Amino acid sequence: MAQKMAKANQSVEKALQLVEVLAQAREPMRLQDVAEAAGLPPSTALRMLHTLILCGYANQDPMTLRYGLTLKFAYIGSLISARLDVRNLAHPLLLELSARCGESCCLAVEENRQVVYVDVVDGPDGMLQIMQRIGKRAPLYCTGVGKIFLLNGGQEGVEEYIRSHGLPPLTDHTITSREGLFRELDKIRRQGFAIDDEECEQGARCVAAGVRDYTGQVVAGISVSGPLHRMTAEHLQPIIRAVQQTAQQLSRLLAYGGAGA
């Protein structure tokens with residue numbers, strides 16, 4: 001039986017609202033402004049601020065009497081970041097995604113301008129087991145997740161990639177022209193997902209979406225791959241939605257606060 005969620009503690013909720021107000025401010029704030037932005041009475045905001053100061057999370061400028069956060073939050077963030085393993089966070093989501101789509105699912109990161117698969121969940125028939133293995137590398141320009149990663153660098157980054165790596169054909173469907181790649185990347189940016197349509201592996205189609213962290217950068221990609229006879233246009237639409245939803249779930253776990261990837 002699922003554990004019943006306890007009711008939220010309102011005092012903690014209000015304190016966190018206050019912390020978020022201070023974190024988003026560009027400069028230290030007056031008590032009145034903090035209280036107003038957090039939706040709190042000034043007396044309540046003052047008590048919470050004093051508690052944060054006593055615990056080392058906030059300070060008050062003795063000259064201006066304005067409040068701001070300390071780097072203790074950054075220290076805690078660094079400790080959490082050091083322990084966070086995107087693969088561990090993603091694996092349960094990949095299992096759900098594979099079961100939902102009935103196909104192989106992958107988690108990939110970018111390393112040295114290549115796609116590196118860091119987790120793979122095989123589909124029910126294991127057809128793509130050989131194609132996608134943990135540790136396998138693939139090019140950026142002709143894979144779904146790779147094209148997502150190319151968006152991180154903007155036009156200049158893509159131009160540099162083309163100059164240094166070229167766009168050699170891996171199949172008859174590989175995009176091999178600069179203009180074609182830029183058109184494809186513009187399409188991906190607009191629609192929020194990428195498709196590898198036999199561009200890297202003959203006979204296989206892949207749908208991918210980017211995973212963003214708290215900085216807004218794409219730090220990983222999630223993909224679903226399958227043979228053409230199953231990854232038909234009709235079958236593709238629910239898979240696209242499932243991949244995007246899973247990427248958004250993982251992005252939230254990595255503290256991304258924006259819209260979909």
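The questions and answers below look at helix packing and at a sheet in this predicted model.

Q: How are helix 2 and helix 3 oriented relative to each other, roughly parallel or roughly perpendicular?
A: The axes of helix 2 (residues 31–38) and helix 3 (residues 42–54) come within 9 Å and cross at roughly 105°. Angles of 65 to 115 degrees count as roughly perpendicular, and so the orientation of helix 2 to helix 3 is roughly perpendicular.

Q: How many charged residues belong to the contact of helix 1 with helix 3?
A: Helix 1 (residues 10–24) packs against helix 3 at an angle of about 75°, with the axes 10 Å apart. Helix 1 contributes Ser 11, Lys 14, Ala 15, Leu 18, Val 19 and Leu 22, while helix 3 contributes Ala 45, Met 48, Leu 49 and Leu 52. Beside eight nonpolar residues and one polar residue, the number of charged residues is one.

Q: Which strands are the edge strands of the open sheet?
A: Six strands form this open sheet with antiparallel pairing, and their order is 5-4-3-8-7-6. An edge strand pairs on one side only, and this holds for strand 5 (137–138) and strand 6 (194–197).

Q: Which residue in strand 7 stands opposite Ala 194?
A: Strand 6 and strand 7 (residues 204–212) run antiparallel and are joined by four bridges. Opposite Ala 194, the residue in strand 7 is Ala 208.

Definitions and conventions:
Residues are numbered from 1 along each chain as its sequence is written. This is a predicted model: local features need pLDDT of at least 70, side-chain atom pairs count only at pLDDT 80 or more; totals for chains, interfaces and linings use all residues. Side-chain values use heavy atoms; hydrogens and water are left out. Axes are lines fitted to C-alpha atoms, for helices over the stretch in contact, and angles run from 0 to 180 degrees between N-to-C directions. Helices (H or I, at least four residues) and strands (E, at least two) are DSSP runs, numbered from the N terminus. Angles under 35 degrees count as roughly parallel, over 145 as roughly antiparallel, 65 to 115 as roughly perpendicular and the rest as oblique. Contact means heavy atoms within 4.5 Å. Ala, Val, Leu, Ile, Met, Phe, Trp, Tyr, Cys and Pro count as nonpolar, Asp, Glu, Lys and Arg as charged, and the others, Gly among them, as polar. Two strands pair if DSSP finds at least two bridges between them.
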